[in-house]
Amino acid sequence: MQVNERSVVVTGAASGIGKAMALRFAREGARAIVLADQQAEKLDPIAAAISHIGVECLALACDVAHESDIQSLVAQAHARFGAIDVFCSNAGIVREGDEQSSDELWHMNMQIHVMAHVYAARAVVPIMLKQGGGYLVQTASAAGLLTSLNSATYAVSKHAAIAFAEWLAIRYGDQGIKVSVLCPQGVKTAMTAGRESAAIAVDGMLEADEVAACVVEAMAAERFLILPHPKVLDYFQRKASDYDRWLSGMRRFASPTASPKQEPYKPSQATE
């Protein structure tokens with residue numbers, strides 16, 4: 001799918017990858033763009049920039065952890081622009097945890113990284129089916145294909161996000177709905193500021209604009225996996241070809257005494 005003349009919704013659009021995607025879609029000639037984020041006050045300058053490009057834009061507050069917010073977002077976008085061609089379910093958080101972490105922390109990760117995609121599909125897939133097609137772009141992470149050494153909550157929720165995207169692609173692919181899942185490693189965003197990981201140390205970090213360019217290119221080719229760090233495909237293939245060897249190799253990177261940072265919940269959603 002080409003983004004030109006399409007209506008697009010982007011959640012987690014106030015910063016990072018979401019902001020970069022929205023601006024790139026505008027430059028690609030989108031017909032209309034809906035920006036959504038819990039930090040709605042940060043959307044105004046992005047909306048102004050998109051309008052300056054000549055693309056109609058609507059900015060809305062949305063907490064993707066609540067289905068009612070996503071239903072309202074989809075309803076307003078549909079009422080305003082008459083169609084939803086592309087829905088980018090992008091909002092994400094980093095709240096690190098392990099098996100000892102609270103149920104609340106696990107629930108938070110699953111709500112934002114998994115159920116937000118479920119809520120979006122519930123709301124937008126019937127519209128896309130009725131209009132004859134559409135495109136779902138769901139932001140996960142390379143951690144969903146590999147793992148996160150620092151956080152079980154992140155790794156598990158991102159694995160589930162990819163599994164749900166796979167299911168959607170199988171279920172609706174022959175009915176005109178295309179699905180891509182975005183799986184970057186390190187990207188320079190508010191979420192990664194000051195954070196260290198084996199992936200960042202080995203493969204470095206990309207700018208959000210580079211990731212947005214990968215999204216547009218992958219959508220044009222209608223590829224399921226969007227891998228801004230191409231090396232991730234090699235790692236994924238090695239994992240699949242010899243799981244035990246991969247686990248042994250990952251243990252060399254992991255410190256047995258390290259524990260995830262137990263951060264208090266803050267009512268904000270930064271993009272991946």
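Trainee: Does S180 count as buried or exposed, and at what relative accessibility?
Mentor: This is a predicted model, in which local features need pLDDT of at least 70 and side-chain atom pairs 80 or more, while totals for chains, interfaces and linings use all residues. Residues are numbered from 1 along each chain as its sequence is written, and side-chain values use heavy atoms, without hydrogens or water. S180 is found in strand β6 (residues 177-182); strands (E, at least two residues) and helices (H or I, at least four) are DSSP runs numbered from the N terminus. Buried means under 20% relative accessible area, exposed over 50% and partly exposed in between, with a 1.4 Å probe and protein chains only, so S180 counts as buried, at 0%.

Trainee: Which residues is S180 in contact with, leaving aside neighbours within four places in sequence?
Mentor: Contact means heavy atoms within 4.5 Å. With those neighbours left aside, the contacts of S180 are Y135, L136, V137, Q138, R223, F224 and I226.

Trainee: Which residue has the charged end that sits over the ring of W246?
Mentor: W246 counts as buried, at 14% relative accessibility. W246 lies in helix α9 (residues 243-253), 3 residues from Y243. A charge sits over a ring if NZ of Lys or CZ of Arg is within 6 Å of the ring centre and within 35 degrees of the ring normal. At 4.6 Å from the ring centre of W246, the charged end is that of K239.
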